[in-house]
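Please examine the sequence and the structure shown below. The report that follows treats backbone features, nonpolar cores, aromatic groups and selected residues in turn.

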Amino acid sequence: VFTLLPHAFAWLTERRPLAAVLGTELELRLFNYRDFTPLAGGQVDDEPYGGGAGMVLRVDVVCAALEAVYGGHAGRRIVALTPQGQQLEQELVEELAGEEALTILSARFEGFDERILEHAATDAVSIGPYVLSGGELPAMVLLDAVARRLPGAMREESGAYETFSAAFEGGLEHPHYTRPAEFRGWRVPDVLLSGNHAAVEEWRRSQRRARSLP
């Protein structure tokens, strides 16, 4: 991950799923653009051409960082996180989790010089059509989603596998309920208390279909 805030990822490495696979299925390396910038004073961004507020991450800085770490970036899967990118969905997560190596580029404020997206990155990915202060949170979302697909990341009893299956099939998971069966007049659906497993499964399928309709 290339970022201006490597320390922001510390908590992520201490919790599942990343903690369970770090050092085995996953090697996480964090790089600060400022450590590789060819510009004086640790500069990494600049004002946008044509005017306007905000600062834009420079293409020469990103390329210098990639070349310092890799000696070049041809042939690598490089994902730039931007609101204009392809929506992150489970099918893409599965694809990225299957990569031998993956590079994630995050930016701050006004984002990337467009030439980074056009020439340095192989993919532009978005976690949603909204603007954040930076790419660190989207990078963590992508890391978590990918790490969960690695062997040993999640225990089967956690229910994660069922969630993956529903998401990967393009749908949403059914509602969940637990004790108490009634609280303030809010009741758990009777079918879930019936002990009829076939009826429960049919109810869950119908709920998944209803939730997944556009």
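Arg 184 is located in the loop between β8 (182–183) and β9 (186–187); helices (H or I, at least four residues) and strands (E, at least two) are DSSP runs, numbered from the N terminus. Although Arg 184 is not a glycine, its phi is positive, at about 55 degrees. Arg 184 is exposed, because its relative accessible area is 67%; buried means under 20% relative accessible area, exposed over 50%, and partly exposed in between (1.4 Å probe, protein chains only). The model is predicted, so that local features need pLDDT of at least 70 and side-chain atom pairs count only at pLDDT 80 or more, while totals for chains, interfaces and linings use all residues. Residues are numbered from 1 along each chain as its sequence is written, and side-chain values use heavy atoms, with hydrogens and water left out.

Phe 109 likewise is not a glycine and has a positive phi of about 55 degrees. Phe 109 belongs to the loop between β6 (103–105) and α4 (114–120), and it counts as exposed because its relative accessibility is 54%. Pro 17 lies in the loop between β1 (2–3) and α1, whereas Pro 180 is in the loop between α6 and β8. Most residues other than glycine have a negative phi, and most peptide bonds are trans.

## Nonpolar cores

Which residues touch the most other members of the largest nonpolar core? They are Leu 81, Ile 104 and Leu 142, in a core of 25 residues. A nonpolar core is a set of buried Ala, Val, Leu, Ile, Met, Phe, Trp, Tyr and Cys residues joined through side-chain atoms within 4.5 Å. Two or more residues of this core come from each of α1 (18–21), β5 (78–87), α3 and α5. The largest share, seven residues, is given by α5.

Not counting residues up to four places away in sequence, Ile 104 touches Val 1, Phe 2, Val 79, Leu 81, Ala 139, Leu 142 and Leu 143; contact means heavy atoms within 4.5 Å. Another core lies apart from the largest one and has 22 residues, among them Val 44, Val 62, Phe 112 and Leu 117. In soluble globular proteins, nonpolar side chains tend to be buried together.

## The buried face of α3

Helix α3 spans residues 90–97, and Gln 90, Leu 92, Val 93, Leu 96 and Ala 97 are buried in it. These buried residues line one face of the helix, because they fall within an arc of 155 degrees when seen down the axis of α3. The arc is that of the directions from the helix axis to the C-beta atoms.

## Aromatic rings and charges

Five aromatic pairs are found in a search of the whole structure. Rings of Phe, Tyr and Trp (its six-membered ring) pair if their centres lie within 6.5 Å; planes under 30 degrees apart count as stacked, over 60 as edge-to-face and the rest as tilted. Phe 2, Phe 31, Tyr 33, Phe 36 and Tyr 70 are linked into a cluster by ring pairs.

Arg 76 lies over the face of Tyr 70, at 3.8 Å from the ring centre. The charged end of Arg 108 sits over the ring of Phe 109, 5.1 Å from its centre. A charge sits over a ring if NZ of Lys or CZ of Arg is within 6 Å of the ring centre and within 35 degrees of the ring normal.

Thr 82 is part of strand β5 and counts as buried, because its relative accessibility is 8%. Its side chain makes a polar contact with the side chain of Gln 84 (2.4 Å). A polar contact is a pair of N or O atoms within 3.5 Å; within protein, one must be able to donate a hydrogen and the other to accept it, and residues adjacent in sequence count only if both atoms are side-chain atoms. Apart from neighbours within four places in sequence, Thr 82 is in contact with Leu 117, Ala 124, Val 125 and Ser 126.

Val 59 lies in helix α2 (residues 59–70) and is buried, with a relative accessible area of 18%. Pro 151, in the loop between α5 (136–147) and α6 (160–168), counts as exposed at 55% relative accessibility.
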